[in-house]
Amino acid sequence: MRALPLVLLLSLAAGPVLAQAGKPPTKPPAETPTPVSPVTVMPPTEKPKLVATWPENGQTVAPGVLVLKMVFDQQMTPRDFAYDLGSAGGDKLDCLRTPRLLNDAKTFVLLCTALPGKTYAVALNPAAPGGPAFSNLAENRAAPGSLSFTTGTGDPVTNLRDAMKAAGLGGLDMPVDEAPDARKTAP
């Protein structure tokens, strides 16, 4: 008979535990939401088109300092560009490595030097799809294109100011941008 009271005692002790087992679990306290950076969704766009260059295709220009200018019909991405400075059998143009996108967000400029009596050919977006390319803000690549010009044998352009004037650029359209530390004046 002693076994019965022990079973009864165990069932009475287990009652509250078994009663809780049938209840749904309580939720842990809610976590603080994590902010997510905004996503920019671009509307469909046409491929950018090259609408103007300096020098113009087929033009003869003075040798020396030259600012190559490429103007597109829409806003472009500053980090996306691709060109070949010695394409299609032309002489290799000596330029800085990276063009600068001007404040209008449509015009790239590239500082170069050109020798007298040469024919230069520049290919724009010459690489296969998937490689770097001049692209708009929606990352649509501009169609491949080319520019060919010659240099005369007259007096060379010897300073940046005159090269910018020849390309139709103003004082804010510098083809190179100073590093922020270089702008500081010495004490």
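1. Start with phenylalanine 108: its relative accessible area is 0%, so this residue is buried (buried is under 20% relative accessible area, exposed over 50% and partly exposed in between, using a 1.4 Å probe and protein chains only). Phenylalanine 134 is buried as well, at 1%.

2. A word on what you're looking at. This is a predicted model, in which local features need pLDDT of at least 70, side-chain atom pairs count only at pLDDT 80 or more, and totals for chains, interfaces and linings use all residues. Residues are numbered from 1 along each chain as its sequence is written, and side-chain values use heavy atoms, with hydrogens and water left out.

3. On confidence: pLDDT is the predictor's confidence in each residue, from 0 to 100. The protein chain has a mean of 81, with 71% of its residues at 70 or more. Residues 6–10 are below 50, and that stretch has zero contacts in the model beyond near neighbours in sequence (contact means heavy atoms within 4.5 Å). Where pLDDT is low, the predicted coordinates should not be read in detail.

4. Back to the rings. The structure holds five aromatic pairs; rings of Phe, Tyr and Trp (its six-membered ring) pair if their centres lie within 6.5 Å, with planes under 30 degrees apart counted as stacked, over 60 as edge-to-face and the rest as tilted. Phenylalanine 108 and phenylalanine 134 are edge-to-face, because their planes sit at 70°, with centres 4.9 Å apart. This pair links distant parts of the chain, 26 residues apart: phenylalanine 108 is in strand β7 (residues 107–114), and phenylalanine 134 is in the loop between β8 (119–124) and β9 (145–151). Helices (H or I, at least four residues) and strands (E, at least two) are DSSP runs, numbered from the N terminus.

5. Now the core. A nonpolar core is a set of buried Ala, Val, Leu, Ile, Met, Phe, Trp, Tyr and Cys residues joined through side-chain atoms within 4.5 Å. The largest one has 33 residues, and those with the most contacts inside it include Leu66, Tyr83 and Phe134. Two or more residues come from each of β3 (64–72), β7, β8, β9 and α2 (160–166), and β3 gives the most, with six. Look at leucine 66: beyond its neighbours within four places in sequence, its contacts include Trp54, Leu93, Cys112, Phe149 and Ala163.

6. How many disulfides does the search of the whole structure find? One, joining cysteine 95 to cysteine 112 with S to S at 2.0 Å (a disulfide is a pair of cysteine sulfur atoms within 2.5 Å). The link is right-handed, with 100° about the S-S bond. It ties together distant parts of the chain, 17 residues apart: cysteine 95 in strand β5 (residues 94–95) and cysteine 112 in strand β7. Cysteine 95 is buried at 18%, and cysteine 112 is buried at 2%.

7. Finally, threonine 53, in strand β1 (residues 50–54), is buried at 16% relative accessible area. A polar atom of the threonine 53 side chain lies 2.8 Å from the backbone oxygen of proline 55. Leaving aside neighbours within four places in sequence, threonine 53 is in contact with Lys69 and Leu147.

Definitions and conventions: A polar contact is a pair of N or O atoms within 3.5 Å; within protein, one must be able to donate a hydrogen and the other to accept it, and residues adjacent in sequence count only if both atoms are side-chain atoms.
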